[in-house]
Structure formats: structure tokens, C-alpha cells
Amino acid sequence: MTDNTEIGKIIGSNSHIDYICEIYTERMRENSPNPTDYEFGEFVYIKKTIENQECAFIGVIYDTQIVDPDQGRTGPRLAQPEEQNVFQPSYVDEKQILTGIAILGHADLEDGEIVEADHSIPRWTLEVDDVVRKLPEDQVVRFHELNDELHLEYYQRIVDVAGGFAEDILSQILDQLKQKRPEEADALDVIQKNLEWETKMEGM
Amino acid sequence: MTVGIVCEPGEQANEFVFVTPDDTELKTGEFIFYESSVTVENDDGDLVEEKKKIFARVTSREQKRGFPDNFMADPGVSPESVARRLGISTEGVDLYKITATIIGYFDEKLGDFTNPRIVPQPGTTIELASDTDLEEYLTDVDPEEEGSARIGELLHRPPGKTQIDLPIDNFASTHLSVLASTGSGKSYTSSVLIEEMMQPDSRASILIADPHGEYGSLQEMETDDRFQGDDGYSPEVKKIKPEDIHIRISELTVSDLFSLLDDPSDAQEQVLAEAWDELQSGSDGNSEYISTNDLQQKCQEVGKEKGLESSARALDWRIEKALGGDLFHHSKHLSLPELLQPGRCTVLQLDTLDLRDQQMLLSVLFRKINHARVEHVKGRDSELDFPVFTLLEEGHRFAPADGDARSLGILGTILSEGRKFGIGVGIISQRPSKIDDDVLSQCKTQIIMQIQNPLDQDAVKKGVEDVGEDLLDELPGLTPGQAIIAGDSVNTPFLAQIRERYTSHEAESLPATELWTDAWNGQDTEPSGLTEADEEEGVEDRDALI
């Protein structure tokens with residue numbers, strides 16, 4: 001894959017398909033990711049080698065949380081804010097951006113490219129400190145190509161994991177796919193309209 | 001073949017519901033069965049438990065699971081394609097809940113179905129009834145034996161897989177009705193039945209009242225090899241043209257005469273009745289040959305005697321008007337031996353007779369037939385020592401619901417008592433609602449084809465007792481040649497496809513556009529008085545300055 005932007009690392013999980021990623025800050029990496037690299041709805045992958053086969057867990061950022069341990073510590077400090085880096089470095093480091101990643105499927109990799117995508121839940125788990133990378137756009141389309149058709153077999157899983165955010169994520173994905181493959185737009189439209197109708201009308 | 005599994009009892013006591021996947025395509029009217037133990041009496045008279053196939057008929061079909069409507073939002077995108085993209089299996093998606101009504105197990109001793117009065121347990125497997133079982137159980141006749149009429153095959157089964165035979169003895173004695181709207185195949189179906197009845201193994205004696213001249217092609221049977229018997233039998237088809245149809249005046253009854261005269265007064269009726277009595281009693285000579293003149297003269301005599309000359313005079317022209325036509329004759333008539341013989345099918349072509357004459361003719365003929373058959377059964381000399389079958393096209397003309405037909409009375413008598421005397425009647429009609437209720441309900445075998453008129457559908461529902469609502473709901477949707485067969489000749493009603501005729505069919509609609517075009521082409525279409533422009537009068541002045 002041409003774009004190997006590392007955006008963070010896995011630090012925990014809520015379930016087998018719902019992981020928490022801590023976004024690298026400038027203190028952790030020299031080239032820390034831009035906010036556009038870990039935006040809402042961004043496709044990510046985690047490279048793993050399982051049974052000697054290089055594969056990628058493919059997921060999507062469905063949620064973001066910012067964490068500031070200083071929040072609420074309004075008492076007086078011994079140091080000025082700009083000096084706190086020197087005297088209390090851990091406080092500063094603990095300011096984090098955490099993203100929720102829903103795992104959508106997995107794929108075998110060959111020479112770093114997706115060769116066989118599978119939208120089922122991977123049987124294996126990610127581990128703490130696994131590096132999360134941004135999935136390039138061409139690979140996003142490739143991940144959706146099954147039997148020469150665009151598939152979103154993970155649809156219901158996103159709805160389950162992302163809850164109220166699912167419609168926006170799926171719409172974003174569908175828009176992106178329609179743009180890349182206009183010949184599939186009609187079928188994807190049916191899915192998108194159905195999604196909008198169900199999520200928006202249910203709330204009425 | 002297992003087609004489903006019972007999931008629950010149905011709403012009615014005899015119903016149950018089972019679930020089946022899409023690919024079984026069980027349609028309404030299809031036959032299925034499950035196996036269950038029932039208590040039956042064995043040959044020794046002991047009650048024993050025996051495993052029997054309990055047959056049932058599919059009465060409704062409801063989709064239980066299928067693609068949501070939302071998947072069909074774009075007519076250009078198939079729901080399967082949407083489902084596939086979402087990782088939903090597109091194979092075996094549809095599930096149907098089928099309601100079936102239990103018919104029962106076939107009781108060999110009774111030769112009919114017996115209902116065990118219990119519905120199957122949930123979980124019981126349901127199988128499709130085999131073609132051979134249906135052939136054996138639906139009608140009570142052995143196709144290989146004499147007296148079977150091959151009517152066609154089961155509608156839901158692939159062509160050529162089933163053969164349905166009706167017992168001729170049954171429908172020919174307990175009467176038959178063929179009800180369908182125009183163009184659905186009434187006369188076609190009737191012709192199929194006639195073909196079967198004229199086969200060497202039946203050699204029926206049939207009389208057809210044919211107001212439209214649709215049965216002439218049956219004559220092809222005479223030369224068709226399929227109808228020839230090894231013993232030299234060959235069916236005879238006798239067409240009687242309207243001009244050869246006569247009623248001998250002496251065969252009329254006094255009430256026939258009253259009905260023929262336009263509203264006679266009491267005095268006229270008295271004179272006529274007395275004159276008729278005297279003529280019939282034969283005191284003046286031969287009572288068999290009475291002419292219009294004889295009747296008029298006798299009326300004059302009676303009028304004089306009774307002091308009712310004016311009534312007799314008034315009767316004079318009325319009699320002339322009523323009996324003066326070609327139909328009534330002092331000596332000519334249709335004799336029964338001429339009309340009815342075993343192996344002979346007589347077609348009375350009534351196309352040019354008016355309705356009242358048709359009714360009168362049938363009335364006289366039926367009375368003669370009935371009398372002859374009663375005489376025979378009572379052991380007296382008779383012209384008809386064999387049963388007869390009569391087929392009435394446009395049956396509502398002869399037995400109208402409003403009762404206004406001379407033929408209705410005798411037809412009613414024959415339908416209610418004919419069975420004992422070997423007279424079978426087949427009523428064919430496109431307007432069941434216009435047929436007398438009693439007449440319709442006396443026809444114990446029914447062949448019902450497409451009927452769209454709601455009034456006619458209601459009439460069929462009322463007049464035909466044992467056909468379920470589910471089958472009658474099919475009536476508007478049947479296509480020509482498809483029929484519901486019900487009644488005494490079958491063990492349970494079923495949908496059938498009528499077989500192809502051996503003889504050609506004559507009741508096709510006229511090719512109007514072709515006939516118009518031909519007629520137009522035949523006309524002198526050259527307009528008269530046309531002149532070439534250069535030959536017109538005054539042409540030489542055309543270019544002159546005004």
C-alpha cells in the first residue's frame with residue numbers, strides 16, 4: 001500500500017469487533033497524523049501475520065473521544081502552564097485522542113495489497129499496541145469488491161456497533177463507493193435510501 | 001417428495017398450516033398428504049390401527065418471509081442484487097405459509113375419502129401427492145374399464161403426467177352441468193365428453209340441442225379410427241336441420257296449446273280444451289294426426305254447442321298464428337327411434353327456431369322421452385329400451401330462473417326423477433345466474449370454467465354445494481380449457497386441464513376484420529362519375545383570362 005500513515009495503536013477493546021485506538025500525538029511520533037487521517041468514517045487497517053499469511057484487519061473509525069486528565073483539576077499549580085511540561089510531563093502526555101474502530105472484515109495481503117477481502121468477523125483478535133494505519137482510497141474500493149460487485153456485507157455490524165452514528169458512516173462509505181464505481185450507483189442507492197429511511201423515520 | 005412441515009392448526013377444524021420454501025411452488029388446489037394412524041375396520045370386522053395417507057388440498061398461500069419491500073425501491077435493481085451486496089443469502093429466502101384443508105384418507109371399501117377429523121401435529125412432514133395416487137383416488141373409475149371418460153389432466157401437474165377419467169355411468173344418470181362464460185370452452189368440454197361417450201366401450205345414445213350449430217364437427221367421429229370398434233361399431237352422428245324439425249300437433253298437450261296462444265280468455269280456454277279433448281279422444285277419426293284445420297273446425301263446433309261462437313272465432317286466428325308456422329305439422333314429427341339409438345349422437349340444430357319454438361320442441365321431446373323410458377322401466381312396450389343422455393346448450397333458455405319456459409316443468413321432472421328411468425341431462429350455460437336454482441342443483445356433476453360475472457359466480461356458489469370457496473375463488477382467473485370438476489362423479493373437487501378434442505372445434509369467434517376486408521374488397525370500390533382533369537367540361541377555358 002502506498003500510503004502507510006500510522007495513526008495510532010490499539011489500547012483496548014469493547015468487544016471482539018470494537019477496538020479503542022489511541023491516536024499518536026507529536027510526542028509519540030515525529031510525523032504524527034493530521035486530523036484528516038483519523039477523521040470520522042476513515043477506513044483503517046491493522047497488519048497482522050497469522051499462520052504465516054500476511055493479512056489485514058479492516059475497520060472504520062466510528063467514534064472519537066478526547067481525554068484530558070487535567071479536566072477538573074482547578075487547584076493552584078506550583079508551575080506556570082508552559083513549565084508544566086518540565087515538571088509534570090506525565091500530565092501532558094496523558095491528553096489523548098481515542099477513536100473507536102469497528103472491525104468490518106479482513107483481507108489477505110500480497111505485496112501489501114488486498115487480494116482477497118472477506119467481510120465476516122475475523123476469528124483472531126487484535127492485540128494491545130498493534131499499529132493502526134490509514135487505508136488508502138484505492139484499497140477501500142478493493143476491500144468492497146467481491147465477485148466483481150461492490151458489497152457491504154458488514155452493514156448490520158456497523159449498525160450494531162456504531163448505533164446512532166451508523167447512518168452517517170454508511171452514507172459516507174456509500175457516497176465514496178458510488179463516486180468510484182458509478183456503474184454500481186443504482187444498487188448502492190437502494191441501500192442508501194433504505195438506510196436513510198429506516199434510521200431517520202424510526203426516530204420520528 | 002417432502003414439501004413442508006406442519007407448523008400449526010388452521011382456523012377451521014379441518015385446516016392446518018405448514019411452512020414450505022419457495023422452490024416447491026405449491027399452488028392453490030394442489031394435493032398433498034401426510035401419514036397418520038387411523039382406526040379402520042379390517043376384513044374380519046375388527047378395529048385396527050393402520051397407517052394411512054391423509055390427503056389435503058392447498059387452499060391458500062401466504063408469504064411468511066421474503067425480501068423487504070425496500071429492496072424493491074428501484075425497478076432496475078433486483079432485490080437479490082441488493083441482498084447479495086449486504087451479504088444476505090439470496091438462495092431459499094422466501095418462506096410460505098400454506099393452509100390446507102383435509103380431504104381424508106382413501107377408504108378402499110367405500111371407494112371415497114374418509115375424513116379422520118384430526119389435524120396433523122406440528123412438525124409432521126407434508127408430502128406432495130403422487131400422480132398415480134391422484135389418478136386412482138380422485139375419481140372412482142378404472143380408465144382401462146368400460147364407461148370411463150378421459151376428460152383431461154390435473155391442472156397443477158406437468159402435461160402428460162396425470163390422466164383424469166370421469167365415470168360416464170355416474171354423470172349420465174345424475175346429470176351434469178358445464179358452466180362457463182363465453183369463450184372459456186363450454187362446448188369444447190362438452191364435445192370431449194361426447195367423444196368419450198361415443199367410444200366403442202360406451203356407445204351412448206345422445207341427443208344434443210344445439211342452438212348455435214357448434215356440434216356439427218362431431219361427424220368427424222364417424223370416420224376417425226379412434227372411434228371404430230373391433231366388432232364393426234362406428235358411431236353415427238346425425239344432424240337434423242331446423243327445416244326438418246317438426247312437432248306433430250297431436251303431441252301437444254292442452255296446456256302446451258294454452259301457452260302457445262297469446263293470453264286466451266277463460267271462454268277461449270274452455271272451447272279449446274273441449275275441442276282438444278274431443279280430437280284427442282279420437283271420436284272423429286285418427287287422433288294421431290290433427291291438423292290446424294281440424295282444430296279450428298272443432299273449436300267452431302264446440303263454440304256453437306256451448307253458445308261461445310265469438311270465442312271460437314277469436315280462437316280461429318290465434319290457432320292459425322300459433323300453429324301456422326313450419327314447426328307444427330299434422331303428421332311429421334321427430335320420432336324417438338329416429339333420434340335416439342345406441343351409438344348415435346343426434347344434433348338438433350335449432351339455430352333458426354325462435355326461442356319459444358325451441359322451448360316447445362324440447363318440452364314435447366322430453367315428455368316423449370320421459371314417457372317412453374317410464375314405460376320401459378315399468379315393463380311395458382317402449383320405443384326406448386336403453387338409457388339416453390341429452391345435452392342442452394344454452395341451458396338457461398330451457399330452464400330459466402324466471403320460470404318462463406314451457407320446457408322448465410318437464411326438465412325439472414326429469415332432473416329429479418330421470419335417474420330412476422335412465423334419462424341423463426347435461427346443462428351447458430354461460431349464465432348460471434339465469435338458470436332455475438332447482439335445475440342447477442339437480443345437476444350432480446359440475447364442470448365449471450372461467451366465470452367473471454359476479455352474479456354468475458354467486459349462482460355457482462349457491463348451486464354447487466361441495467366446491468370450496470378456495471376453488472371458486474379461482475374462477476375468474478381460469479384460462480380457456482381449465483376447469484373445476486366437482487360433484488358426484490369425483491371423490492373431491494379438483495382443477496383440471498381439459499384434453500384436446502379429437503374432432504375439430506367449430507365454435508371459434510368469427511374473424512371479423514378478415515371478413516370485413518374480404519367483403520370490402522368484393523365491393524365495386526371504383527367511385528362512379530370520375531373524369532380525368534384534362535377531360536372535364538370547359539377545360540379549354542381554364543387558362544383564359546377572367
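**Before you click**

You are looking at a predicted model, in which local features need pLDDT of at least 70 and side-chain atom pairs count only at pLDDT 80 or more, while totals for chains, interfaces and linings use all residues. Residues are numbered from 1 along each chain as its sequence is written, chains are lettered from A and ligands numbered from 1 in the order in which they are written, and side-chain values use heavy atoms, with hydrogens and water left out.

**Stop 1: chain B against chain A**

Colour the two chains separately and go to where they meet. Eleven residues from chain B and 13 residues from chain A are in contact (heavy atoms within 4.5 Å). The buried area here is about 1100 Å², with 59% of it from carbon and sulfur atoms; buried area is the accessible area (1.4 Å probe) that two parts lose on being put together, summed over both. Now select B:Asn70, B:Arg85 and B:Leu86: these supply 58% of the area that chain B buries against chain A, more than any other three residues.

The term means a side-chain nitrogen of Lys or Arg within 4 Å of a carboxyl oxygen of Asp or Glu. Between chain B and chain A the count is three salt bridges. By class, the side of chain B that touches chain A has five nonpolar, three polar and three charged residues. In this scheme Ala, Val, Leu, Ile, Met, Phe, Trp, Tyr, Cys and Pro are nonpolar, Asp, Glu, Lys and Arg are charged, and the others, Gly among them, are polar.

**Stop 2: inside chain B**

Show B:Arg57 with B:Asp470 to see a salt bridge at 3.2 Å, N to O.

**Stop 3: two helices in chain A**

Bring chain A back and select α4 (residues 155-162) and α5 (residues 166-180). The axes of these helices of chain A come within 8 Å and cross at roughly 145°. Axes are lines fitted to C-alpha atoms, for helices over the stretch in contact, and angles run from 0 to 180 degrees between N-to-C directions. Helices (H or I, at least four residues) and strands (E, at least two) are DSSP runs, numbered from the N terminus.

Show side chains: A:Tyr155, A:Ile158, A:Val159 and A:Ala162 in α4(A) meet A:Ala166, A:Ile169, A:Leu170 and A:Ile173 in α5(A). The residues of this contact divide into eight nonpolar, no polar and no charged.

**Stop 4: a link across chain A**

Finally, select A:Lys48 and A:Glu127, a salt bridge with its closest N and O atoms 2.4 Å apart. A:Lys48 sits in strand β3 (residues 43-50) of chain A and A:Glu127 in the loop between β6 (113-118) and β7 (131-134), so placed that the pair links distant parts of the chain, 79 residues apart. Over all chains, the structure holds 35 salt bridges.
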